[in-house]
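Please report on the local features of this model.

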Amino acid sequence: MENATRRINHLASTIGAENNNNNQFNTVPTAASSKSDDDVVIVSAVRTPICRAKRGGFKDTHPTDLLSAALQASVQRAKVDPKLIQDIVVGNVLPPGGGAVQARMGQFLAGFPDTVPIVTINRQCSSGLQACANIAAAIKAGTIDIGIGAGVESMTSGNMMDVGEPNPKIFENEKARDCLLSMGETSENVAEKYGVSREKQDRFAAESYARAVKAVKEGRFKDEIVPVTTTVKDAEGKETTVTISDDDGPKPTSFEQLQKLRPAFRKTGSSTAGNSSQVSDGAAAVVLARRSVAKKLGLPILGKFVSYSVVGVAPDVMGIGPAVAIPDALKRAGLSTKDIDLYEINEAFASQALYSCETLGLDMNKVNPNGGAIALGHPLGCTGARQVATLFSQLRKTKGRYGVVSMCIGTGMGAAAVFEAEN
C-alpha cells in the first residue's frame with residue numbers, strides 16, 4: 001500500500017509540476033534541492049573502448065558482443081545482481097528493426113535472466129543519453145526502482161545512408177525536405193550562417209586531438225573503460241584473439257596537418273574528415289536507481305541525475321541543438337553556465353560544437369578536457385551514455401560538482417542533461 005501511494009504521489013507531482021516548455025516534463029528535482037530518497041542516482045557508468053569503424057579494433061566484432069561487455073561490466077561495477085534490474089533501455093541507430101533483437105541477445109550474452117525486459121530507442125545521436133533519461137523518468141514515475149540506460153553502435157556494419165523510400169510530398173515542404181540533408185551539409189550551413197571559419201574549426205579539432213592523446217597516454221580513461229576480448233581478421237582472413245583496452249581514434253594530429261585536408265562535403269566548404277567526428281564502434285551502459293533502493297542494496301552512488309531537456313531546431317542547422325538545449329536543462333536545474341564544472345559536448349563537427357560553446361560563452365577549459373568525438377569517435381547510439389561515463393570519471397578526479405552532457409541531433413534537435421557528482 002505504501003509503495004502504491006508513493007507511486008501515485010510521484011505521478012501527481014509530475015503531472016502537476018509547473019511546465020514552461022510544452023514538450024518537456026520536469027520529472028526530476030532541481031540541483032538546489034537537498035538529497036532525497038526519491039532522487040535518481042547513478043551507481044555505475046562504463047564503456048568499451050571506442051574504435052574506428054571498418055579499420056579499428058572492433059571491425060570484426062558483432063555489436064551484441066560490444067553491448068554485452070558494457071552491460072555485464074555495468075552491474076559488476078555497481079555490485080548489483082542482474083536479476084534486480086527492472087528494465088534496460090538501449091540507444092541504437094543503424095540496425096534493421098531498431099536493433100531490438102540484437103539487444104535482447106546481447107542482454108543474454110551478458111548473463112541477464114529472461115525476466116529482465118529490454119527495449120531499444122533511436123533519437124539518433126542522443127540515443128544513449130535518451131536511454132538514461134528514459135530510465136530516470138521511469139524511476140521518478142515509480143514504475144521501476146533500478147534500471148540501465150545504455151547505447152551501442154557498430155558503424156562498421158551499419159548503413160548511415162539508408163533512410164527508406166522518401167515520400168514525394170516531402171519535396172513540397174522545406175523542413176521535411178531538409179531532413180534528407182547529410183550531416184556534413186548541415187555542418188557547412190552552420191559554418192556559413194554563423195561565420196565559423198575553417199581556421200577556427202581546425203584549431204578546435206587539433207585541440208581535441210591533443211587533449212585525447214594526452215588523456216590516453218596518462219590513462220585517464222582507464223576507470224571508465226571495460227576491456228573487450230575479441231578477434232580481428234587480417235587481409236588474408238586469419239583470426240587473432242586480442243584484448244582491446246584503449247580507444248584507437250586519438251592520434252597526434254597538428255593544426256598544420258588539418259589545414260592540408262580537402263573539404264569533405266562541399267568543394268568550397270570548411271568541414272573536413274579531420275574536423276568532423278570519427279565514424280566508430282563502441283558501447284556504454286549506465287546503471288541508475290532510486291536513492292533509497294541504492295542505499296538499501298549498498299550500491300556505490302556516483303551522483304544524481306538532475307535534469308534533462310530535448311529541444312527542436314531547424315533541420316538544416318541541426319548542429320546548433322546544444323546551444324538551445326543546454327540553457328533549458330540548466331534552467332530546469334536552477335543553475336547557470338557558471339555553476340557547471342565540466343561539459344561533455346559531442347563534437348559531431350567542429351563548426352557546430354564551436355558555435356554552441358561560443359554562443360553560450362562557455363569556458364573552453366571546462367569543455368571536453370579529455371578530447372571529444374573528433375578525436376575519440378562517435379558511435380551514434382553509444383555516444384550519450386559514453387559521455388556520462390566520461391563525465392563522472394572526470395568529475396571524480398577533479399572533485400567537480402556539476403556536469404552537463406549535450407549533443408546535436410540529426411533532423412534538427414538538441415539534448416542536454418545535468419548531473420551532480422557526489423565525490
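The report below goes through these features in turn.

This is a predicted model, in which local features need pLDDT of at least 70, side-chain atom pairs count only at pLDDT 80 or more, and totals for chains, interfaces and linings use all residues. Residues are numbered from 1 along each chain as its sequence is written, and side-chain values use heavy atoms, with hydrogens and water left out.

**Two helices**

Helices (H or I, at least four residues) and strands (E, at least two) are DSSP runs, numbered from the N terminus. Helix 4 covers residues 127-141. Its 15 residues reach 21 Å from the first C-alpha to the last, close to the 21 Å expected at 1.5 Å a residue. That expected span is 1.5 Å times one less than the number of residues. Twelve of the 15 residues of helix 4 are buried, so the helix is largely enclosed by the rest of the structure. Buried means under 20% relative accessible area, exposed over 50%, and partly exposed in between (1.4 Å probe, protein chains only). Among the buried residues of helix 4 are Ser127, Cys132, Ile135 and Lys140. Gly142 follows helix 4 and has a positive phi, near 90°.

Helix 6 has twelve residues and reaches 16 Å, close to the 16 Å expected. Its buried residues include Gly184, Glu188 and Val190. Helix 7 (198-217) and helix 11 are among the parts that cover the buried residues of helix 6. Asn189 sits in helix 6 (residues 183-194). Asn189 counts as buried, at 18% relative accessibility. Contact means heavy atoms within 4.5 Å. Not counting residues up to four places away in sequence, Asn189 touches Leu181, Arg266, Asp316 and Val317. Gly195 follows helix 6, with a positive phi near 65°.

**Salt bridges**

A salt bridge is a side-chain nitrogen of Lys or Arg within 4 Å of a carboxyl oxygen of Asp or Glu. The whole structure has 24 salt bridges.

| Salt bridge | N to O distance |
|---|---|
| Glu422 and Lys35 | 3.6 Å |
| Arg290 and Asp145 | 2.8 Å |
| Arg332 and Asp328 | 3.0 Å |

Glu422 forms a salt bridge with Lys35. Glu422 lies in the segment after strand 12 and Lys35 in the loop between helix 1 (2-16) and strand 1 (40-47), so the pair ties together parts that are 387 residues apart in sequence. Glu422 is partly exposed at 21% relative accessibility, and Lys35 is exposed at 61%. A network of salt bridges links Lys35, Asp39, Arg291 and Glu422.

Arg290 pairs with Asp145. Arg290 is in strand 8 (residues 280-290) and Asp145 in the loop between helix 4 and strand 5 (146-154), so this pair ties together parts 145 residues apart in sequence. Arg290 is buried at 0% relative accessible area. Asp145 is buried too, at 14%.

Arg332 and Asp328 are four residues apart in helix 10 (residues 321-333), separated by about one helical turn. Arg332 and Asp328 are both buried.

Glu347 lies in the loop between strand 10 (342-345) and helix 11 (350-360).

**Aromatic pairs**

Rings of Phe, Tyr and Trp (its six-membered ring) pair if their centres lie within 6.5 Å; planes under 30 degrees apart count as stacked, over 60 as edge-to-face and the rest as tilted. The whole structure has four aromatic pairs. The ring centres of Tyr194 and Tyr355 are 4.2 Å apart and the planes are at 35°, so this pair is tilted. Tyr194 in helix 6 and Tyr355 in helix 11 are 161 residues apart.

**Positive phi outside glycine**

Lys79 is not a glycine, yet has a positive phi of about 60°. Lys79 is exposed, at 70% relative accessibility. Thr411 is not a glycine either, and its phi is positive at about 75°. Thr411 is partly exposed, at 27% relative accessibility.
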